[in-house]
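I opened this entry to keep track of what I looked up, in the order I looked it up.

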Amino acid sequence: MLLRQLEYLVALARERHFARAAAACYVSQPSLSAAIRRLERELDVPIVRRGRRYEGLTPEGEVVLAWAHRILAEQDALRQELSALRGGLTGTLRLGVVPTALPVASLLTTPFCDRHPRAAVALESLSSAQITHGLAEFELDAAMTYLDDDTLRQVRRHPLYEERYMLLTPVDGPLGGSDTARWSQAAALPLCLLSPRMRNRRIVDDCFAADGATAAPAIETDSVAGLYAHLPGGRWSSVISHAWLHMFGVPEGMRVVPLEGPAHGPRVGLVVARSEPQSVLAQALLTVAREAGVRDALEARLRTYLRS
């Protein structure tokens, strides 16, 4: 059994299409199909359900796929550990991040690259469900996500910060001169918010409801960058996480107004799989996270904008 055959099987299960899997592995489709047939002969079990097109894996194939993920992860861990012994980590840290935590990711990735200059980082914006799948299937080394996500299983959690929600509003608007604002007051403003399918928006909607209000934003977007793109010009207000100030700051002509309610929202943190083998790169990132002081850095940035 060759490791390459297992890589082909993992790619096929991921792409669910022979041609796409072959392209992802930089081989021809006949070569990939032949390699998987050889694997079936060597293990003496049917792995792929075949028809006119790819139809999924057999029950035996699902077992082989699980072992393939483990074996390839062991191979990666071996290479990482040997590279560390030779004088420094190499390889690529695969980091998944929920979209609302992306503005903060550089507080970890930059010191990680400073400490391990021979290593690289592949950063990907993913939903919570995609992160759960990626960790379970050894497709991710670590992830930044909400720590109270019930779908996370068999992971180690390292808290980074608690979200705090602020009203970002024009200085000449109805609440631009206020020291604080109620959620019901914010709901009456022309709003731009994240879309309802995003976790942050569902949390924000719960905060509006707790104050007896319902937000009816004129603009909804699935990215923090898309939200901020609408704010200059003085027409729209938004409810933001204080963490976004690290990357985007406060647009000219706007100010941050604290919203009355809970002092802190849900925790965002770094998670890595508990399963063996442990990723050496993930362990190195955890070490950086423990020393990075992400929470204090974000609180200091918020205080700067509140004073101004």
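**Ground rules.** I am working with a predicted model, in which local features need pLDDT of at least 70 and side-chain atom pairs count only at pLDDT 80 or more, while totals for chains, interfaces and linings use all residues. Residues are numbered from 1 along each chain as its sequence is written, and side-chain values use heavy atoms, with hydrogens and water left out.

**Open sheet.** I looked up an open sheet of three strands and found the order E10-E7-E11, with antiparallel pairing. Strands E10 (238-241) and E11 (254-258) are at the edges with a single partner strand each, so one side of each has no neighbour in the sheet. On average, neighbouring strands here are turned by 40 degrees against each other, direction ignored. I noted that axes are lines fitted to C-alpha atoms, for helices over the stretch in contact, with angles from 0 to 180 degrees between N-to-C directions. Helices (H or I, at least four residues) and strands (E, at least two) are DSSP runs, numbered from the N terminus. Two strands pair if DSSP finds at least two bridges between them. E7 (residues 165-170) pairs with E10 over four bridges in the antiparallel sense, and Leu168 has Ser238 in E10 as its bridge partner.

**Strand E5.** I then checked E5 (residues 142-146) and found five of its five residues buried. Buried means under 20% relative accessible area, exposed over 50%, and partly exposed in between (1.4 Å probe, protein chains only). E5 pairs with E3 in the parallel sense over three bridges, and Leu95 stands opposite Ala142 in E5. Four bridges also join E5 to E12 (residues 267-273), and these two strands run antiparallel. Thr145 stands opposite Gly269 in E12.

**Cores.** A nonpolar core is a set of buried Ala, Val, Leu, Ile, Met, Phe, Trp, Tyr and Cys residues joined through side-chain atoms within 4.5 Å. Which residues have the most contacts inside the largest one? They are Met144, Tyr161, Phe208, Tyr228 and Leu270, in a core of 74 residues. Helix H11 (residues 280-292) gives the largest share of this core, seven residues. A second, separate core has 22 residues, including Leu12 and Val48.

**Tyr161 and Thr100.** I listed contacts (heavy atoms within 4.5 Å). Leaving aside neighbours within four places in sequence, Tyr161 is in contact with residues including Thr100, His242, Pro266 and Leu298. Thr100 lies in the loop between E3 (91-97) and helix H5 (106-115), and is buried at a relative accessible area of 4%. Beyond four places in sequence, Thr100 touches Tyr161, Glu163, Asn200 and Trp244, among others.

**Largest pocket.** I found a volume of about 460 Å³ for the largest pocket. Among the 18 lining residues, Glu7, Val10, Arg14, Leu72 and Arg94 are the closest to its centre. H4 gives the most to the lining, with six residues.
On a 1 Å grid over the protein atoms alone, a pocket is an open set of points where a 1.4 Å probe fits, with protein on both sides within 12 Å along at least five of seven lines, and lining residues have an atom within 4 Å of a point. Volume is the space filled by probe spheres set on the points, which are joined across faces, edges and corners.

**Positive phi.** Most residues other than glycine have a negative phi. Arg16, in the loop between H1 and H2, has a positive phi near 55 degrees. Tyr26 has a positive phi near 60 degrees and is exposed, with a relative accessible area of 77%.
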